[in-house]
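Here are some exercises to work through with the model open beside you. Try each task on your own before reading its solution.

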Amino acid sequence: MAHILVVDDSKIMREMLMACLRGLDSMSFAQASSGLEAIEQISLHRFDLVLLDLNMPDIGGIEVVEFIRGQDRLRALPIIVVTTRGDESSRERALGAGATRFLTKPFTPDIIIAEVQALLKPSSQVA
Amino acid sequence: MSTLHVMFLVGDSGYLIPAESVLYMESFTGATLVPGAAPFVVGLVQIRRRVVPVVDLRIRFGLPPAAPSLGQRVIVVQVSERVVGLLVDSAREVVHVPADKIEPPPEIISGQSAGFVRAVAPVNGRLAMLIDLDKVIGPDPVAPDIEPGFVKETVHAQ
Amino acid sequence: MTGPVDFHDYVEGFLAEADEHLGSAGKHLIELDRAARGGQSHPRAVRELFRSLHTIKGLAAMVGVEPIVDVAHEMESLLRAADRAGGRLPAPAVDVLMQGIRAIEERVTQLARKQPVTPAPPKLVAALSALVASPPAGAGGAAPRFGLPAEVDAKLAASEREQIAQGIRGGRRVVLLEFVPAPDKAERGLNITAVRERLSALGELVKVVPRSVATAPGSLVFSLVLVTSAENQTLAQALESEPEAVVALTLDAPAAPDAPDDSDPVVEADDTPAHAHGYVRVDIARLDDALEKLSALVVTRFRLGRAVADLTARGADTRALDVIVGEVTRQLRDLRGAIMRARMMSLAEMLQRVPLLVRGLTRNTDKAVALSIQVGDAELDKGVAEQLFPALVHLIRNAVDHAIEPREERRQQGKPEEGQISIVCDSLSGTHLTLTVTDDGRGIDGERVARKARQPVPRTDEQLLELIAMPGLSTRDEASRISGRGMGVDIVKRTADSLGGSLSLQTSPGRGTSFTLRVPLSVTIVDTFSFVAGAQKFVAPVAMVEEIIVVDASRIAHAPAPDRGRPAPDRAAPEWAALVAPVAAMIERRGQAMPLVSLATLLRLPGRAASPDSGKALVVRLTGRHRGEPIAYGIDRVLGQQEVVIRPLEDPLVRRVGVTGATDLGDGQPTLVLDLVALGAALFSQARADS
């Protein structure tokens, strides 16, 4: 059973992502509509993967990644960051801050499915 | 086009309308008066959770109104988007009227009836009249001062 | 296995979110415009605009609408640069951004209508990127400091510093607060989102910084910076912490704004106004269905209530049943509330785009227009809003294009240079909405219009409205220009009519004009008084009735009524009342004379006609042009108060002014719903015509 945190300020975007992933084996989801909510959720619950949009109100996705990696127990939490075209400069910063994978919109359903499946293979799950 | 028609009586005369325009036929137990509506509108009636305006065909056809009777019926018809009820003296029969038996009425009759009668056909040995539902339910164009829900007093005492 | 997910299926959702973002983007642009004219920066608006566009861009990319991605991308770059420069935009930027918003709106509409989406306009794209390249005016200066802890201070962006500095300069406090999330707080709904909402209501939330604190339950503490005028006590309550924990900040370095840059806007773009989106209809159909089912429930509940009352009358112990019926009533009320809320939109929201529209209309003219919108928190049904909005847009366009005079002309007339246009929601009677658009422009000269149109000169405002609403008139350019009303009044009138409402007009040549749109809401459940008049049952909305009074027969002043007419010729049945009585008498109320009108006589009800002498009267206050005038309607007796489902009467045979619809009081017969305000207005108009 994999518990995934989907973070994006657009409700419809979150729905689209969850729709893609629901069909995979044993997924459950929590949602956050801002980086701050995401940090709060992560501090209070346990997740197996985080899908994180980089552009959000009040605190950017990069900062969220930095915050997560700053916690010992979350060092190995898989984080997929998502941004839009034209923001490729964020790629270095995101990966440098400790993001696991980096995706740009638009992407097709099979891309996000493949990324998530790869990260949730037993060897990459949080202990 | 089916040949089935509903036949009903207004006064002593028989009238026909296509069965497919008839939604329901109910007995008449009174109507809610709508102030300011045309004189041939009896009022509103509730039928199967719909509120339907009802036209008194006796008044519409120029007859004096009748005392309430058990035989009275409200025939609820659908005319394009509108749902309207027709109050008639009785309605019991559904008849087949083959197309070749339907004829236009004499001109004097269609003129006198303001276009209400659009055709005639023999039914059971008598002449029944097919009516133009659109015209019959109205409202008639150019109703001068029927704007407010009440009637203005427009006549000065002599 | 996953079924194939196609992101194109999410277009509807995209449209809904895009619409929201575009609406708030418009608002922020107005704020930015105002700030730019005053030579100020507006960091918060820039940031929020940036975010809206970024979101639209991302969504559009996923759903596959490239043209929108292109425009949004350029706008986003421009705004990112502005954000980095402390929230400053080059002055011509606001105009170009507005064009950008319009371009996106057009394409969203195309998408909603399943039309092909036009590619991004190249001139607009070029204009936007040119602005990104040019440095904004007045960037730079030393970064102000505030005495914040280093960890928080390090995270502040230039625009955020600017926001804090402006707050302090503006005489408000800037405080630092802390919120510690915990599982039990989250259970109660006190999470960071709730805290942010509460604090946003108390001031401007500038920054939230998460900090790792080992001793906290989740090892997490949020530090919040807020510009506010609220007391520490209030702030602490919002966070459930102590007032002592609130830390005030100070400003260490001033910064003066620079002189504004007055260059002209760069590019002409297509001037079409935004249209309401057709896709809202899908929502409405489902809600209509829900309402139908609810109305059936309401009727059933009445029947149940009466059945229980019958049982009680027969001596059964129905106490337990009564409690249950009460619960059902409450639950139905809640359900109704939920459905109505889903169907309603606030009038303010509907009018959100109007300031932008007016701004666009006055661009490149020598007219100045001040727009005032006073609609409070009035709400209306989405379906009605969809039809009403274009009608309103017509009225506003006409006011700006034709009624408001250029600055010079106004100066010469001794009017203030800035023209005034106001949109006021006059009253919400529960069943009707009255919207008045007023301008202080040229007014409409009936004589000139009549002459040009070769029609008889109108003698009243009603006749003038008929004249300018004549379909042929709007195509005659000269007459329409002189009429000050151009095209569209016939369309507005048709919209009002088709909604079952009315359009009225008041004008004063040289001084201004007022158009009033009155439409029944398709609200179907309304709180009403039921009563008997002329032996017939009626209901009227509670919201319409100011007071129910007892009429003292001996204190009625019967006024002379020399025009006694015969019984109206349209009542064929001889047994019906041929009573001819004057319609109105007078009574005194609180020192003033008020007309007392017998409803039974007014409506020519055939039942035992009650003279104005008997029992009770419903006092109603009029709206619109006879605003404030009271009328007392004499009735036989009051029956009760109840919520009813109103079915509008749509058939032309029974559509009458003064009758809103019909309802079922549980007795199987339709009961008419009276619009006492409209009846009163008609009475007044007739009185005016008669005297």
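**Exercise 1. Determine the handedness of the crossing of α9(C) and α10(C), and describe how the two helices meet.**

Solution. This is a predicted model, so keep that in mind throughout.
- Step 1: Start with the handedness: α9(C) and α10(C) make a right-handed crossing.
- Step 2: The axes of α9(C), residues 192-202, and α10(C), residues 232-239, come within 9 Å and cross at roughly 160°.
- Step 3: Classify the angle. Because angles over 145 degrees count as roughly antiparallel, α9(C) is roughly antiparallel to α10(C).
- Step 4: List the residues in the contact. From α9(C) come V195(C), R198(C), L199(C) and L202(C), and from α10(C) come T234(C), L235(C), A238(C) and L239(C).
- Step 5: Sort them by class: the contact of α9(C) with α10(C) has 6 nonpolar, 1 polar and 1 charged residues.

**Exercise 2. Describe the side of chain C that touches chain A.**

Solution. 
- Step 1: Count the residues: 32 residues of chain C are in contact with 31 residues of chain A.
- Step 2: Find the elements involved. Those of chain C that each supply at least two residues to this side are α1 (11-37), α2 (43-63), α8 (183-187), α9, β2 (203-212) and β3 (220-228).
- Step 3: Pick out the biggest contributor. α2(C) gives the most, with 8 residues.
- Step 4: Look at the classes: the side of chain C that touches chain A has 16 nonpolar, 13 polar and 3 charged residues.

**Exercise 3. Work out how α1(A) is oriented against α1(C), and which residues meet.**

Solution. 
- Step 1: Take the axes. Those of α1(A), residues 11-22, and α1(C) come within 9 Å and cross at roughly 155°.
- Step 2: Apply the cut-off of 145 degrees, over which an angle counts as roughly antiparallel. Therefore α1(A) is roughly antiparallel to α1(C).
- Step 3: Name the residues: K11(A), I12(A) and E15(A) in α1(A) meet G13(C), F14(C) and E17(C) in α1(C).
- Step 4: Sort them by class. The contact of α1(A) with α1(C) has 2 nonpolar, 1 polar and 3 charged residues.

**Exercise 4. Summarise the fold of chain A from its elements, burial and contacts.**

Solution. 
- Step 1: Count the elements: chain A has 5 helices and 5 strands.
- Step 2: Read their order. From the N terminus on, the elements of chain A run β-α-β-α-β-α-β-α-β-α.
- Step 3: Check burial: 46% of the 127 residues of chain A count as buried.
- Step 4: Check sequence separation. Among contacts in chain A between residues at least 6 apart in sequence, 62% join residues at least 24 apart.

**Exercise 5. Trace the open sheet of 5 strands in chain C.**

Solution. 
- Step 1: Write down the strand order, β14-β17-β18-β16-β15 in chain C, with mixed pairing.
- Step 2: Locate the edges. These are β14 (545-550) and β15 (584-589) of chain C, each pairing on one side only.
- Step 3: Zoom in on one pair. β14(C) and β17(C), residues 616-621, run antiparallel and are joined by 5 bridges.
- Step 4: Find a facing pair of residues: V545(C) stands opposite V620(C) in β17(C).

**Exercise 6. Is β4(B) mostly covered or uncovered, and which strand is joined to β4(B)?**

Solution. 
- Step 1: Find the partner: 6 bridges join β4(B) to β5(B), residues 50-56, and the two run antiparallel.
- Step 2: Pick a facing pair. G43(B) stands opposite V54(B) in β5(B).

Definitions and conventions: Residues are numbered from 1 along each chain as its sequence is written. Chains are lettered from A and ligands numbered from 1 in the order in which they are written. This is a predicted model: local features need pLDDT of at least 70, side-chain atom pairs count only at pLDDT 80 or more; totals for chains, interfaces and linings use all residues. Two strands pair if DSSP finds at least two bridges between them. Helices (H or I, at least four residues) and strands (E, at least two) are DSSP runs, numbered from the N terminus. Axes are lines fitted to C-alpha atoms, for helices over the stretch in contact, and angles run from 0 to 180 degrees between N-to-C directions. Angles under 35 degrees count as roughly parallel, over 145 as roughly antiparallel, 65 to 115 as roughly perpendicular and the rest as oblique. A crossing is left-handed if the near helix is turned anticlockwise from the far one by less than a right angle, and right-handed if clockwise. Two residues are in contact if their C-beta atoms, placed from the backbone, lie within 7 Å. Ala, Val, Leu, Ile, Met, Phe, Trp, Tyr, Cys and Pro count as nonpolar, Asp, Glu, Lys and Arg as charged, and the others, Gly among them, as polar. A residue is buried if 20 or more other C-beta atoms lie within 10 Å of its own, exposed if 12 or fewer, and partly exposed in between; C-beta atoms are placed from the backbone.
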